[in-house]
Amino acid sequence: MFTAKAYSTRKSWQNISLISLYVFFLFARAPDILLQGRFWAEEGFVFYSNAFNLHPLQALFHVYGGYINLGASGTTLIARYVFLPPRYAPYVTIFCGLFVQLLPLYVLLTAKDKWLQLFKTRVLATLLLLFIPESSEISLQCLHLQFHLTLACVFIAFTTSSYNHQKPKLFILFLAPLCGLLPITTIPIFLYKTITKGNRAQYYQMLALIGGSSIQLSFYLTNHWLHFDTSESWLPRYNHLSYTELTNVIFVRDILFPFLGHRNVYALKWMANISSALQYHSFSRLACVIPTLLFLGLIALFLKYPKTRAGLNLLFAAIFIQSICIYGSIGGPLQVINPYFTERYSFIAQAILAFLLLYFSITLPFKGSIVCHLLIGWLLIVGINNFFHTFPETKDGAGKIWSQELKKWKKNTSYHPKTWSSGWYIVMPKALVTNRKLP
């Protein structure tokens, strides 16, 4: 038997090993990001450019896409002002992005819920979170931190925290809405938790989330009234949602791709048929029926097995957040269902549903647990294949090597260094080349 101190030390080393494994696979999927550095799209084009060309406060609270993103603006300001040579600036955003990407895993590994104490369960939670959600589009960069932070908020709401980890999780809840609008959608989850299981810890969590959300909403509403964010004209949101669109997206992103793979011929054929139907404002009936039956089947499980009912919160969180993502997406469901593209809009729902399956594997009776473990095994086999087969632009700077781009700029200060795929570049001050050495 382990003493409490020995068990705590053992668990800490286990968690460090799991986090190290997680980080290893993230860089193994895209080693050029570590070897060459990379700015992701607007990360360089908007935020790093702002860090050089705007007053620091103006750059920090710059409204882009209708909201402030302190994760991207703050990180690029750090890269600008910590006296690093510009050549190493992308590594600041890469490792800040990595830190936030690890927060959902941190929340799970440090939870004190009894069912998450087994090492086997924490291993499966790590593998599911790593391989099942399609994450290459939001990995190792700080532009899309809100998606990782929203997932971390959901996990904080679903799990219980030990005293030592309460303050870091309060910081996560306050920071999350300052990096985007999506974390605000978790307020109803925390409100329900506070009403049903209200204690001091829940009230503090609610206040932290509302505090950050209030600041974000003040910028969002001010921009909505005054229209000082010019990006909204060329980043139109879909602003529409129907039940058929939701079920069609769930069928493709949460059933076909996780269980068959996004390179599978049959999955791609189904996706193409559904995409064609959506393009003509129609829908696939089968893609509506299957998610509906799955939802009803899950409700039946919750009703029959009381031990599973806490997972009902996860199911509704996944559906609600997926709905919000489709409504606020750029391009709507036509873009959301395409493989290798707009993965961010399905990432959270995929992660939550994978975690729900793990929860069922612990709380269902023996036969149900066996079925869940078999499903987990299959999902991991397919997920590992999906994980390493991503579109090329996620693996490096889309052919643009940052150090080489800087050399071109140093020779010709009118040149705008390219950061990522076609059309993405950084406007850097001409005076900088005389004031800073470029290795």
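This is a predicted model: local features need pLDDT of at least 70, side-chain atom pairs count only at pLDDT 80 or more; totals for chains, interfaces and linings use all residues.
## Enclosed cavities

Five cavities of 30 Å³ or more are present in the structure. The volume of the largest cavity is about 70 Å³. Its lining comprises 13 residues, and those closest to the centre are Glu134, Ser135, His262, Asn386 and Phe387.

Helix α19, spanning residues 366–388, supplies the largest share of this lining, namely three residues. By class, the lining of the largest cavity consists of four nonpolar, six polar and three charged residues.

## The largest pocket

The largest pocket has a volume of about 1,200 Å³. It is lined by 42 residues, of which Tyr67, Arg237, Gly328, Ile330 and Tyr345 are the closest to its centre. The lining of the largest pocket divides into 24 nonpolar, 13 polar and five charged residues.

Several helices contribute to this lining. At least two residues each come from α3 (42–53), α9 (145–158), α12 (200–226), α16 (312–327) and α18 (344–363). The most is given by α12, which provides four residues of the lining of the largest pocket.

## The second largest pocket

The second largest pocket holds about 760 Å³ of space. Of the 34 residues in its lining, Leu294, Leu298, Leu315, Leu353 and Leu356 lie nearest the centre. Two or more residues of this lining are given by each of α13 (243–260), α15 (285–304), α16, α18 and α19.

With eight residues, α13 gives the most to the lining of the second largest pocket. The classes in this lining are 28 nonpolar, five polar and one charged. Helices α16 and α18 each supply at least two residues to the lining of the largest pocket, and both also give two or more residues to the lining of the second largest pocket.

## Packing of α13 against α16

Two packed helices are described by the angle between their axes and the distance between the axes. For α13 and α16, the angle is about 105° and the axes are 10 Å apart. Helix α13 is therefore roughly perpendicular to α16, because angles of 65 to 115 degrees count as roughly perpendicular.

On the α13 side, the contact is formed by Glu245, Leu246, Val249, Ile250 and Asp254; these meet Ile319, Gln322, Ser323 and Ile326 in α16. The residues of this contact comprise five nonpolar, two polar and two charged.

## Loop residues with positive phi

Most residues other than glycine have a negative phi. Ala41 has a positive phi of about 45°, although it is not a glycine. Ala41 is located in the loop between α2 (31–36) and α3. This residue counts as buried because its relative accessibility is 2%, and buried means under 20% relative accessible area.

Leu140, likewise not a glycine, has a positive phi of about 55°. Leu140 is found in the loop between α8 (119–131) and α9. Its relative accessible area is 1%, so Leu140 is buried.

## Ala6 in helix α1

Ala6 belongs to helix α1, which covers residues 4–29. Its relative accessible area is 31%, and Ala6 is therefore partly exposed; this class lies between the buried limit of 20% and the exposed limit of 50%.

Ala6 and Phe119 are separated by 113 residues in sequence, while their C-alpha atoms are 15 Å apart in space.

Definitions and conventions
Residues are numbered from 1 along each chain as its sequence is written. Side-chain values use heavy atoms; hydrogens and water are left out. On a 1 Å grid over the protein atoms alone, a cavity is a set of points where a 1.4 Å probe fits but cannot get out, and a pocket is an open set with protein on both sides within 12 Å along at least five of seven lines; lining residues have an atom within 4 Å of a point. Grid points are joined across faces, edges and corners, and a volume is the space filled by probe spheres set on the points. Ala, Val, Leu, Ile, Met, Phe, Trp, Tyr, Cys and Pro count as nonpolar, Asp, Glu, Lys and Arg as charged, and the others, Gly among them, as polar. Axes are lines fitted to C-alpha atoms, for helices over the stretch in contact, and angles run from 0 to 180 degrees between N-to-C directions. Angles under 35 degrees count as roughly parallel, over 145 as roughly antiparallel, 65 to 115 as roughly perpendicular and the rest as oblique. Contact means heavy atoms within 4.5 Å. Buried means under 20% relative accessible area, exposed over 50%, partly exposed in between (1.4 Å probe, protein chains only).
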